[in-house]
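User: Could you walk me through this model in plain words? I'd like to ask my way around it.

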Amino acid sequence: MPRGRTAIPVMAAATAIAAALPAHAQTAAERAVEAAQQYSGSTITITYEAGLQALDPLNFSGPMWEELTGIEVEVIEIPINELFTKTIAEHRAGTGAYDLLNIVPAWLPDLVEAGVLEPLDAYVDEHGYRDSLQDIAGVYRDNQMTYGDEIYALPDDGDVFVLYYRTDLFGDAEHQAAFEEAHGYPLAPPETWDQFYEISQYFTEALAPETYGSALIHAPGLIHYLFEERFRIAGGRFFDEESMDAQIDSDIGVAVLEDMVRQLDNMPPGAAGWGPIEVLNAWLAGELAMQIWWPPPGRWSEGYGAEQEALSWLPETTVAGDVGYALTPGGRPELAAGFALSVAANSDNKEAAYLFAQWLNSEEISLQRVMLPFALRDPFRTSHFESEEYRGLWPSAGDYLDTLKLGAETGLLDLSIIDTFSYEESLTRAITSALAGGDPRSALEDAAEEWDTITEEIGVDDQREAYSIWAAKPNAYP
Amino acid sequence: MSRAAAHPAASPGDRSAGPDAPPALGLWVDRHFRRLIVAPAVLVLLLIGLFPVVYSLIVSFQKINRRVEDTSFQGFDNYARLFGDDRFWESILHTGAITVIALPLELVLGLLLAWLFLEKLPGRQVFVALLLMPAVMAPFVAGAIWRLMFDNIFGPINQILGWIAGEPQNVMWLVNNDPFTVYGAILVCEVWQWTPFMFLILLAALSNVDRSLLEAAEIDGASGWRVFRRIVLPAIRPVVLVALTIRGLDLIRLFDIVWALTRGGPGNMTETVSVFAYVKGFERFDISTTAALTFVVIVSLSIMLFVLLRRVEIGR
Amino acid sequence: MSRRRPQPWYTTRQGWTGAARLAGAIVVTIVFLFPIYWLFATAFKTPEEVFASPPVWFPQTPTLETFAVLFRDGDVSAVWNSIVIAGVSTVVAMFLGTIAAYSLARFRTGGDHLVIWIISQRMIPPIAVVFPIFLLFAGLGLIDTYLGLILLYTAFNLPYVIWMMRGYVEDVPRELEESALVDGLTRWQVLIKVVFPMARTGLFATAVFTFIFAWNEFIFALVLTRTEVLTFPVQVSHYFGQQQTFWAKIGAMSVLGALPVFVVVAMAQKLLVRGLSMGAVKG
């Protein structure tokens, strides 16, 4: 649309004048609302993960935005597994069906290269949002927002792995004494994977089958996150920077995978195939001493939002008041997915879409959104972590937010290059095969070979460039 | 179509058998009637059926993927890439394996069921109607059902196995590196849904077997099994072939239940040709290779059909 | 049906006693229906029961809560969409297919080649055409519209209708048509006033299957819908998430989607055999 293209410089000039006026009295959210009112009567569509996530725009932010601006919000719910597919397919077909997109930040290279996303710098400056972006925790802001030098997405979800542990078990004097006697160091949240193993083993031996030491998410599509985290903490590099040869089958990779298999020793039977729901259920039922998940169980364990109908599918928590939070062993937790808001390049209504994104993402609105009991958006702004309101939601909410904040400072980025999917899938196959009893080394060697083939197909130079952009980001490697 | 529809309005005074010459339009419609009434259907089929084939053929010689849109002629690159891709051959193998195991199972089970219900039985109609339910459910929903049945924690299958074994069972049916459990689950779902189809058709076919043939055999004193093999089986053979053809062609394009149960996983362990094409086309957006794949599928299926349709007399 | 046999051949077989066969029939039926029962039961379970381990076989306090949620959130509109799309496409496909079948049966239009080409269109895997169709529909603005899916399902079902109706039309006595022509009816009137009523059993049986195929279809609906015309199988697929699976909703939506089909099948049972076997067994 030529109109859209010329509109930006014109309006940029307009706000340059407006900036001289006392506009800073307004917040970014208020500015977005004011600027959006000119689009009153129009409709913008936003893609959202189907299910719980989508309740936010459906029941909360969408109606509120419509009331403020007269812009109707149409939510297009898409199952997470189809989200990438549908996003790129609609772009290819040039339908302009989506205005605002929920994307997983790791998709940035693919989506930007395919021309799906609108660069946002001009909009950010135009509507005075740059300062407010500084409040977003660094790891999300610096890494999940840009590709190359341009802003393509507003980070909108503080996903990071958290180690949850049972304070009643860890604080029990008998367990403390028995554990220290056996292992020579005090019982505390594990800082290494060896400690994780020993603590798991201790609790499993002491309490199974009522309670096991630990369980982790091993489901395909997710298991690679844990490997990526541990591999990098142990010193691994995904690729040789020069040749782009895959390095996941290095001794480091093999050792990590062997240890992932070893950790199964102390988990409940069948845990090698557990997904998020199985881990969560066992945890809420009090059957685990430790587990690693995204931030939501911190809320759910305390029964926050349990009265909500949208959460009625969750089993009742039996561990409220007994939950401690820590960084995962090694202290550099994987961010593991997350969401960001992007404007579709072939939307007819880009400015209104952007303004909705800015409003959603702004300090005051996003705080309300991350506190929605049913939504799965997790705190991602410094002001969220420090919010007195949030810290008062349950007795240990302060600890919870402090841990999330720590994770937001130390978190490791998900691998994000061209066609990351293919690499992840190949890696997943190697991991599941090892977890099922296959030889870790040969599984990783096969995967590394597949990685090389994928790289060659994409073009070594193209991929090297994408990889070096990613690897140069602050939290790509520890 | 519009002309044909306009005809009755123009015709009340028109007596084609009468001595008066009918209006010119009426004559034209009458002369072309047989073509006019077949035309709309053929046009719709051409639009929806031919466009994809032509499109796939063209695009399969170009290079279009997520990042590149190069419409210049690329020779057989995409076909070479497809044939060089292990996953393509594996997807054929997976599809073939499911077909080869499921078809005979459905046939034998269907036959046994038909045998059971052949003679008069109180409430036979009710039984048959109930048994047919799986076959009329949406295949995706059938897959969802079995995903729940096979869930290692919330599903009843492990529970039942636990009762039999005397201790809790924790088989990870669908997420497992053991093809036996994963394929087992898919096959159970597939066979559960489509055995009733075989059953119903075979029941009808068996009921129609000519009694006089049997009597002759019985006079010869043939045993039950021999009667079945020598007389009943040949009599129902044409129907069996039709049923196998219909089911076989369905199995070759198997997608829904696999999508619901495993999405082709773990890894690509259960990726059928259709799932592979979906992943390649819609997830990878490797459009040209997918076009090559669909073209290969269409051509090979057409050849197969050509051969089959000449042998199997569907509906004659 | 056509010929009266004095006694079916198989009654001479004295293998099993009636009671044993009845018992066998009951066991088999229970085994086949158990998964459907399980799904339906899930729809009526409380959240605790859905996620109970070991699983609960009989909901202790059956609840309609999940259905209420589906109605409240508007998810049930997927059932309405399915009714519109499957219903309209069935009517259109039946009409176009039957008149075409009449031509093929009576006049041998296009000979065997046309017939084989038409039936072969049914055998093409949806996955092979769905991507080009997606681009075509995107260009025509047909994605996520009733019209788009109705058009597609009509095309998708036409071969089946033509194939089946060809057989049924052949069963209509030719003399009736000839005498109608002599009485002064036009060809078109003969088709509408004589052939259609005479073949009504076949029309009904074929329509039932056409409807079921459209009702249950998944790939096309998955790819060609967004929000407005989601059909019920696609709605069910929305309940599978990465971090949660809404089993109760999957159960409830499946119940809503399965009941209409069950009712139709129960009513049309006698006509099913010929429909399922694509005419191979006259039933």
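Here is a set of questions and answers about the model.

Analyst: A few ground rules: residues are numbered from 1 along each chain as its sequence is written, and chains are lettered from A and ligands numbered from 1 in the order in which they are written. This is a predicted model, where local features need pLDDT of at least 70, side-chain atom pairs count only at pLDDT 80 or more, and totals for chains, interfaces and linings use all residues.

User: Where in chain B is confidence lowest?

Analyst: pLDDT is the predictor's confidence in each residue, from 0 to 100. Chain B has a mean of 83, with 88% of its residues at 70 or more. Helices here are DSSP runs (H or I, at least four residues), as are strands (E, at least two), numbered from the N terminus. Helix H8 (residues 139-149) of chain B comes out highest at 95, while the lowest mean, 39, belongs to helix H1 (residues 2-10) of chain B.

User: How many residues of chain C are in contact with chain B, and which helix of chain C gives the most?

Analyst: Two residues are in contact if their C-beta atoms, placed from the backbone, lie within 7 Å. By that test, 87 residues of chain C meet 89 residues of chain B. The biggest giver on the chain C side, with 13 residues, is helix H1 (residues 18-43) of chain C.

User: What is the radius of gyration of chain A?

Analyst: Chain A is built with 23 helices and 11 strands. The radius is taken over C-alpha atoms, and the globule rule is 2.2 Å times the number of residues to the power 0.38. For 478 residues that rule gives 23 Å, and chain A is close to it, so it is as compact as a globular protein of that length, with a radius of gyration of 23 Å.

User: How many residues of H4(A) are buried?

Analyst: A residue is buried if 20 or more other C-beta atoms lie within 10 Å of its own, exposed if 12 or fewer, and partly exposed in between, with C-beta atoms placed from the backbone. Helix H4 (residues 80-93) of chain A has 14 residues. Its cover includes strands S1 (43-49), S2 (72-78) and S3 (100-103) of chain A, plus helix H14 (273-283) of chain B and H6 of chain C. H4(A) is mostly covered, and its buried count is 10.

User: Is A:Met244 buried or exposed?

Analyst: A:Met244 lies in the loop between helix H12 (223-233) and helix H13 (251-262) of chain A. Its phi is positive, about 65 degrees, though it isn't a glycine. Because 23 other C-beta atoms lie within 10 Å, A:Met244 is buried.

User: And what does C:Asp144 count as?

Analyst: C:Asp144 is in the loop between H6 and helix H7 (146-171) of chain C. Its phi is positive too, near 60 degrees, and it is a residue other than glycine. With 19 C-beta neighbours inside 10 Å, C:Asp144 counts as partly exposed.

Terms used:
The expected span of a helix is 1.5 Å times one less than its number of residues.
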